[in-house]
Amino acid sequence: PSALFAAVEMAPRDPILGLNEAYNADTRSNKVNLGVGVFFDDDGKIPLLRAVQAAEKARLAAMPARGYQPIEGLAAYNQAVQKLLFGADSQLLAAGRVLTVEALGGTGALKVGADYLKRLLPGSKVYISDPSWENHRALFEAAGFPVETYPYYDAATRGVNFAALKAGLGELPAGAIIVLHACCHNPTGADLGVAQWRELVDICAARRLVPFLDMAYQGFADGVEADAVAPRLFADSGLSFFVSSSFSKSFSLYGERVGALSIVTAGKEEAARVLSQVKRVIRTNYSNPPTHGGAVVAAVLNDPALRQQWDEELAGMRERIRAMRSSLLAKLQERGVQQDFSFITQQRGMFSYTGLTAAQVERLKDEFGIYAVSTGRICLAALNTRNIDYVADAIATVVKG
Ligand code: PLP
């Protein structure tokens, strides 16, 4: 037999996928998986939004041919993405300063952006928040960048250590690429306020940093418009920057891989040149994106009635998570937990960094069949009216010692 693969080592397991495997193998009927990064409805199911169903029915009825898409994807989709990020009446869009390419989810958008940046700024370094979504590091390292962190989370307040963040960014060299979570920070749920974003934009401008905003949860904090404060403040600053965005969560279309990379340039002619280079990156990677997901999202966003229906369904998802946050806090208090858990209702989006220790997380698993990430991150969208009492009982038990 050939020795080609004889020396190949087993790659380390993805910690969250490993958690899912352990959860699936658990035979306890009351087990709960708080480790996932997916929105479930109150029945514990991934919803297929009604707006999506309507667009899919119309598309099925039309039986469109499946020719290749342009390298940059569907124009109607890319324009709809730009309006969500920058606002329908954005000056930036009117001036033609933004180019957008359809991408395979937010991950695909980050990857296209990272590969393009490696060509543009080959000697640069990438800085991610401490902590960050674990794929940020892997992705930018895979694109050939050294990846370091900037200070972000404050374990004492379970919020952002803004003074440390500012000081950290203030030391970075010009041309450093900084990856920023536009809203609903993963894993901590701790976001910047508007005034803090303004300060951050000024630091990026003063130090000539290259911002890369990752917008994976638009609409999950306060709403589509309110959650776009970061890209819009950067837009007003005159800086050039990158935005990756995703509809995995906001459209509950995880498996369709619908995302986009938008790049803000200094002007229309520059945007055309940059687009031509980004297209080379895509062409030599997957050539052009698939048709279905982008067509469905574009159909929803470009039809006023479906768009309104989507807004309502998105609000429903957002409000369900908020309700689970307040309910979990109330139930912990009812159970006489002394520790202050009020941060749960201040953190935003799908996740909370609970401050549970690795040992407490282990106990949740062993004694209760409740699975969470060892860092203490839990997904609020995995809670529902049937499992929340059980989870509150379990957390109360492990924090009381
Ligand atoms: N960025 C962040 C911060 C995320 O949390 C996620 C998904 O978990 C992504 C990007 C990628 O999303 P997608 O599934 O669209 O690739």
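Modeller: Helices (H or I, at least four residues) and strands (E, at least two) are DSSP runs, numbered from the N terminus. This is a predicted model, in which local features need pLDDT of at least 70 and side-chain atom pairs count only at pLDDT 80 or more, while totals for chains, interfaces and linings use all residues. Residues are numbered from 1 along each chain as its sequence is written.

The largest nonpolar core has 119 residues, where a nonpolar core is a set of buried Ala, Val, Leu, Ile, Met, Phe, Trp, Tyr and Cys residues joined through C-beta atoms within 7 Å. A residue is buried if 20 or more other C-beta atoms lie within 10 Å of its own, exposed if 12 or fewer, and partly exposed in between, with C-beta atoms placed from the backbone. Ile178, Leu213, Val300 and Met350 touch the most other members of this core, and helix α12 (residues 304-334) gives the most to it, with eight residues. Because domain 1 (15-48 + 307-400) and domain 2 (68-290) both give residues to this core, it lies between them; the domain bounds come from an automatic or database domain assignment.

Turning to one of these residues, Ile178 touches Tyr127, Tyr150, Leu169, Leu209, Pro211 and Phe212, not counting residues up to four places away in sequence. Two residues are in contact if their C-beta atoms, placed from the backbone, lie within 7 Å.

The C-alpha centres of domain 1 and domain 2 lie 28 Å apart, and the contact takes 20 residues from domain 1 and 20 residues from domain 2. On the side of domain 1 that touches domain 2, α12 and β11 (351-353) each supply at least two residues, and the largest share, four residues, comes from α12. That side of domain 1 divides into 11 nonpolar, five polar and four charged residues, where Ala, Val, Leu, Ile, Met, Phe, Trp, Tyr, Cys and Pro count as nonpolar, Asp, Glu, Lys and Arg as charged, and the others, Gly among them, as polar.

Along its principal axes the C-alpha trace of the protein chain spans about 65 × 60 × 55 Å. Residues 24 or more positions apart account for 75% of the contacts in the protein chain with a separation of 6 or more.
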